[in-house]
Amino acid sequence: MKDNLNDLVTTRLHQDFAHLYSDQTVGEALTWVRAHPPQERIIYFYVVDREGRLQGVVPTRRLILSPPEKPLTDIIDRQTLSLPANATVQDACEFFIRHRLLAFPVLDEERRIIGVVDIDLYTDEMGRLRRQSPVDRWLRPLRQFLQIQSASGIILLACAVIALILANSPWSAGFAEFWHTPVTLTIGGFELHESLLHFINDGLMPLFFFVVGLEIKREIVAGELSDRRKAMLPVVAALGGMVVPASLYLMLQFGKPTVAGWGIPMATDIAFLVGFLALLGSRVPPGLKILLLSLAIADDIGAALVIAVAYTANLSLPILAAGCAGFVLVLFLRKIGVRQIWVYVVLGIAICLAFLKSGVHPTVAGVGLGLLTPSRPWLGDRVPLDVLTDMFKRLGGHGKGGTDHDRSEALSPLERLEHALHPWVAFIIMPLFALANAGVDLKLAALGTPVAVAVAIGLVVGKPAGIMLFSWISVRTRLTRLPEEINWRILLGGGCLAGIGFTMSLFIAGLALQGVQLDEAKTGILFGSTVSGVLGFALLLYFLPRKSAQSP
């Protein structure tokens, strides 16, 4: 069954689709239809140019009622839903459920129609989806995730550079003072007084960690971390990439007050990681992308645990218990079928505030809420069959069937929230965090301070060393194996890219250190992340075979 769902749609197409040409008039098109009558009733015709490239569709009713001298291009609908030739049977099933059409054209890279997928060819697969985990039908494409992350990496880098420039300019004092602008939140008798910097780090970053929790949940339920054999290598590599950098830092800072910063070099910044992979384009094998992305997700799990366990002070157990009770209430509301999003938003904010007041950083609550988000559609397992029945009852026609609410109900809350929040987190929250936290007075002398050296060594040396060491041991003991097209040299380049800590490292540094020591740690993070990125990119550029070399 799984093999069928992974088949390409090109193996199951109708080749006898009805089409007209874009340079025809309505009269010429009708004459052609009379001379070549379709075997079955046609709801709409595909309109192509003389090279077979899709231009749009025209409903049969509109074709018949239009004046004969009217150009066909004047009556076509140009916004046509289609599937690419590399889509799978499962992608086709997802398209049928989402858009509730009975057929879709399949296009090659030049938008030429190579066939049509029809619901009749996919009836068995649609029925089988009832017996599958619903989230498997809605696994968000890795390509879209990579595109969002790579684009956000550019903006994140720009904001970091702007913060550095301003922090080292004549306006540095005003720039630093701006982030200490007081912000007050008052709800009845509850008051919260924080600076703008803390509002971003404590108020907005929990939303970032909520999305991290959604990503972790998706990967565990239906991604690369759902299969223990597939998950083993990235999890083991991520563990090495956390243990070795932290150990190096501890050795260099043992016995000093700054030893609390041991968690700083453990992190990997997904946005920058994916951004560098995007620069390498098609030369990066899919296995490396999946491995590094899964490694970063596993790394996020470790970072969340470190924040919860190691960077919690002045713990108030009663308030923390109230926050944990909020999680229980979320589960109860899910159980009884409460679907109003605003209820969970209000409850989530209350949980985060409770964690903040208890002494546990609210980002931990954000990850927890993400993990509690349902990964199955609200309508349950009957969604595919209900949609299939609905489509067969309809008479057809071009256009989307059903309401937006119906289509959104067929998606899991996890997927809807991840799609909705990713742009806000990637393009607003993370850049704001970079502006507020990356500004540090760069001095060459700061690079030689013990904290900066320890952080930089942890990122530049510890990250790739830990990933390589733990991966080598697991492969040698046959617990794991390297993905296809990946050798140890390529893994070394990927391990160096994983040394880009930035966002998470800056965040942990703000929890662990203060004052001058925090500025020194930031200097080490910026220097270590820069060296790791450049080194990893250079190694992959050298070790990865060129596209022409990969061709048979």
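Predicted model: local features only at pLDDT ≥ 70, side-chain atom pairs only at ≥ 80, totals over all residues.
Local features need pLDDT of at least 70 and side-chain atom pairs count only at pLDDT 80 or more, whereas totals for chains, interfaces and linings use all residues. Residues are numbered from 1 along each chain as its sequence is written, and side-chain values use heavy atoms, with hydrogens and water left out.

The protein chain contains 23 helices and eight strands, taken as DSSP runs (helices H or I, at least four residues; strands E, at least two) and numbered from the N terminus. Of its 552 residues, 51% are buried, meaning under 20% relative accessible area with a 1.4 Å probe, protein chains only. Among contacts (heavy atoms within 4.5 Å) with a separation of 6 or more, 77% are between residues 24 or more positions apart.

The structure holds nine aromatic pairs; rings of Phe, Tyr and Trp (its six-membered ring) pair if their centres lie within 6.5 Å, and planes under 30 degrees apart count as stacked, over 60 as edge-to-face and the rest as tilted. One of the pairs, F175 and W179, is edge-to-face, at 5.9 Å centre to centre and 90° between the planes. Both F175 and W179 are buried. The pair of F209 and F507 is tilted, because its planes stand at 45°, with the ring centres 5.3 Å apart. Since F209 belongs to helix α9 (residues 196–222) and F507 to helix α21 (residues 502–512), this pair ties together parts that are 298 residues apart in sequence. F209 is buried at 1% relative accessibility, and F507 is buried at 4%. Ring pairs also link F208, F209, F433 and F507 into a cluster.

Conventions. Buried < 20%, exposed > 50% of the residue type's maximum accessible area, 1.4 Å probe, protein only.
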